[in-house]
Amino acid sequence: MKLIKKDRLAVQIYNTRSEMGKAAASDIKACILELLEKKECVNMIFAAAPSQNEVLAALAADKDIAWNRINAFHMDEYIGLSADAPQGFGNFLKEHLFGLCDFKKVFYIDITALDAQAECMRYSELLREYPTDIVVMGIGENGHIAFNDPPVADFKDPKAVKTVELDEVCRNQQVHDGCFASIELVPKTAITLTVPTLFGGGRLFCIVPAATKAKAVRDTLCGEIGEHCPATVLRLHENAALYLDPDSSALIGDVQ
């Protein structure tokens, strides 16, 4: 493992994608256990994407984590898919983690909500009621975090949860990831937790494998901090860690 730092962001580069996922899961577990020594429950937000498969699998298999003391949220959801759509992020997380572990509570964004604005308000209230301790996240091909694509990302967003239009790079990523057969099938709108909501988590664990993310990782670590690459905000957080594999880290060189 190679360890580097960019501004406040700790960056860990592993020899394989599998090692990366297991290491991230181990660090997340240690953080959970540490927090549970101090408080009764831990509140966590999870990303839903194939890039998270390894870390979610390792977490789900861990029998030492007291999941019944953890409340879970997810960070985004499409608007307009059916309740049982496999592409739904709540459904993805139910299959890979939420349905495999005995969580205290799981709070789903309602993929079938007819009033998206009302759903944003409902989820915002839940997030206020259960302040975020840990965020487990990724980075999109356009540098997005959750569905905060560059055109809609706002580091000072007054909203906790909002509706957004997805840009073309983001929608194409869903095809590249194998979630949809063509871009025509990818919804154009979604509900997302905003940048300040994610940044407000006490600890951020960002897991980013694969060559398709190499440019986004380079822009995150080597470019200026700003909404043009939303993931650059990670460099400002006091307790954030970025986990990479050889493919995703291929373009960063010697980060200065």
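Predicted model: local features only at pLDDT ≥ 70, side-chain atom pairs only at ≥ 80, totals over all residues.
Entry 1. Apart from neighbours within four places in sequence, Glu54 is in contact with Arg17 and Gly21. I placed Glu54 in helix α2. I noted its relative accessibility as 26%, so Glu54 counts as partly exposed. I also checked the separation from Leu3, which is 51 residues away along the chain: the C-alpha atoms of Glu54 and Leu3 are 20 Å apart.

Entry 2. I then turned to the helix pair. Two packed helices are described by the angle between their axes and the distance between the axes. For helix α1 (residues 17-36) and helix α2 (residues 53-60), I recorded axes that come within 8 Å and cross at roughly 50°. I noted the crossing of α1 past α2 as right-handed.

Entry 3. I listed the residues that meet. From α1 these are Arg17, Gly21, Ala24, Ala25 and Ile28, and from α2 they are Glu54, Val55, Ala58 and Leu59. I sorted the residues of this contact into 6 nonpolar, 1 polar and 2 charged.

Entry 4. I next examined Gln12, which lies in strand β2 (residues 9-13). I found a polar contact of 2.5 Å between the side chains of Gln12 and Tyr14. Setting aside residues up to four places away in sequence, I found that Gln12 touches Met1, Lys2, Leu3, Asp27, Leu242, Tyr243 and Leu244.

Terms used:
Residues numbered from 1 in each chain as written. Heavy atoms only, no water. Axes fitted to C-alpha atoms, helices over the stretch in contact; angles between N-to-C directions. Helix = DSSP H or I, 4+ residues; strand = E, 2+ residues; numbered from the N terminus. Left-handed = near helix turned anticlockwise from the far one by under 90°. Contact = heavy atoms within 4.5 Å. Nonpolar A, V, L, I, M, F, W, Y, C, P; charged D, E, K, R; others polar. Polar contact = N/O pair within 3.5 Å; in protein donor to acceptor, adjacent residues only side chain to side chain. Buried < 20%, exposed > 50% of the residue type's maximum accessible area, 1.4 Å probe, protein only.
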